[in-house]
Amino acid sequence: MTSPNNPAIEPVATNSQAPLAAMPADPQIMNHPRIEQLPTSSLRENPNNARTHDEKQYTSLEAAVRKFGWLVPIVVDANLMILAGNARYEVAKRMGLETVPCIRADHLSETDKRAFALGENRLAEISGWNPELLQKELDALFNVGFEIETIGFSTKDLTIAPVPQDAEE
């Protein structure tokens, strides 16, 4: 059985009657996408990109790219319009990068492109944090001298343990 929106998608049944997810029927869709280096100047900004970024985000993202390298490709359609990675594109231009890693999503319909572009941003935005694990991880990074501002956090996000009274005497 195929989805009416995408004939290559098979619904995945669970114990309940309603399908919770869809899996590609074609194993080629499941293969890791090919990452290609494309000229930065060839990419086109999405005129319908509803996501905004401020200067602090660009600065943090550039610092992260410089620290870790370029780990997340920009997703483009067949016409090289950016579907995901508009901030990374802006950072690439600011850094003067001639090429950037990209994944072509040329199999998406116009509706799917719009949905993917919105969902790619929204799904991360609506996720939550495990506060205890977040504090543990931030504290561990801070304690070894890692500049947590590089990844969008600040010392305000740290749990500062109170100084024991015995230490003051």
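Modeller: E45 is partly exposed, because its relative accessible area is 47%. The classes are buried (under 20% relative accessible area), exposed (over 50%) and partly exposed (in between), computed with a 1.4 Å probe on protein chains only. The model is predicted, so local features need pLDDT of at least 70 and side-chain atom pairs count only at pLDDT 80 or more, while totals for chains, interfaces and linings use all residues. Residues are numbered from 1 along each chain as its sequence is written, and side-chain values use heavy atoms, with hydrogens and water left out.

The partner of E45 is K93. Their side chains form a salt bridge, 3.5 Å from N to O. A salt bridge here is a side-chain nitrogen of Lys or Arg within 4 Å of a carboxyl oxygen of Asp or Glu. This pair links distant parts of the chain: K93 sits in helix α3 (residues 86–95), E45 in the loop between β3 (35–39) and α2, and they are 48 residues apart. Helices and strands are DSSP runs numbered from the N terminus (helices H or I, at least four residues; strands E, at least two). K93 is partly exposed, at 36% relative accessible area.

Over the whole structure, the search finds eleven salt bridges. One of them joins E62 and R66, with the closest N and O atoms 2.9 Å apart. Both residues lie in helix α2, four residues apart, about one turn of the helix. R66 counts as exposed, at 55% relative accessibility.

Another salt bridge joins R122 and E125, at 2.3 Å from N to O. These two are three residues apart in helix α4, so about one helical turn separates them. R122 is partly exposed at 45%, and E125 is partly exposed at 40%.

Now a buried site. V76 is in strand β4 (residues 74–76). Its relative accessible area is 0%, so V76 is buried. V76 and R44 are 32 residues apart in sequence, yet their C-alpha atoms are 8.6 Å apart in space. Contact means heavy atoms within 4.5 Å. Not counting residues up to four places away in sequence, V76 touches L38, L43, M81, I82, L83, C102, I103, R104 and A105.

D77 is in the loop between β4 and β5 (82–84). At 2% relative accessibility, D77 counts as buried. Leaving aside neighbours within four places in sequence, D77 is in contact with L83, A105 and K113. A polar atom of the D77 side chain lies 2.8 Å from the backbone nitrogen of N79. A polar contact is a pair of N or O atoms within 3.5 Å; within protein, one must be able to donate a hydrogen and the other to accept it, and residues adjacent in sequence count only if both atoms are side-chain atoms.

N130 also reaches backbone nitrogens. N130 is in the loop between α4 and α5 and is partly exposed, at 37%. Its side chain reaches the backbone nitrogen of E132 at 3.1 Å and that of L133 at 3.0 Å.

Next, the aromatic rings. Rings of Phe, Tyr and Trp (its six-membered ring) pair if their centres lie within 6.5 Å; planes under 30 degrees apart count as stacked, over 60 as edge-to-face and the rest as tilted. This rule gives two aromatic pairs. F68 and F146 are stacked, because their ring centres are 6.2 Å apart and their planes are at 15 degrees. F68 belongs to helix α2 (residues 55–68) and F146 to the loop between α5 (131–143) and α6 (165–168), 78 residues apart. F68 is partly exposed at 42%, whereas F146 is buried at 18%. W129 and F153 are edge-to-face, because their ring centres are 5.7 Å apart and their planes are at 70 degrees. W129 lies in the loop between α4 (110–125) and α5 and F153 in the loop between α5 and α6, so the pair ties together parts 24 residues apart in sequence. W129 is exposed at 61%; F153 is buried at 18%.

Last, the whole chain. The protein has six helices and six strands. Buried residues make up 26% of its 169 residues. Of the contacts between residues at least 6 apart in sequence, 62% join residues at least 24 apart.
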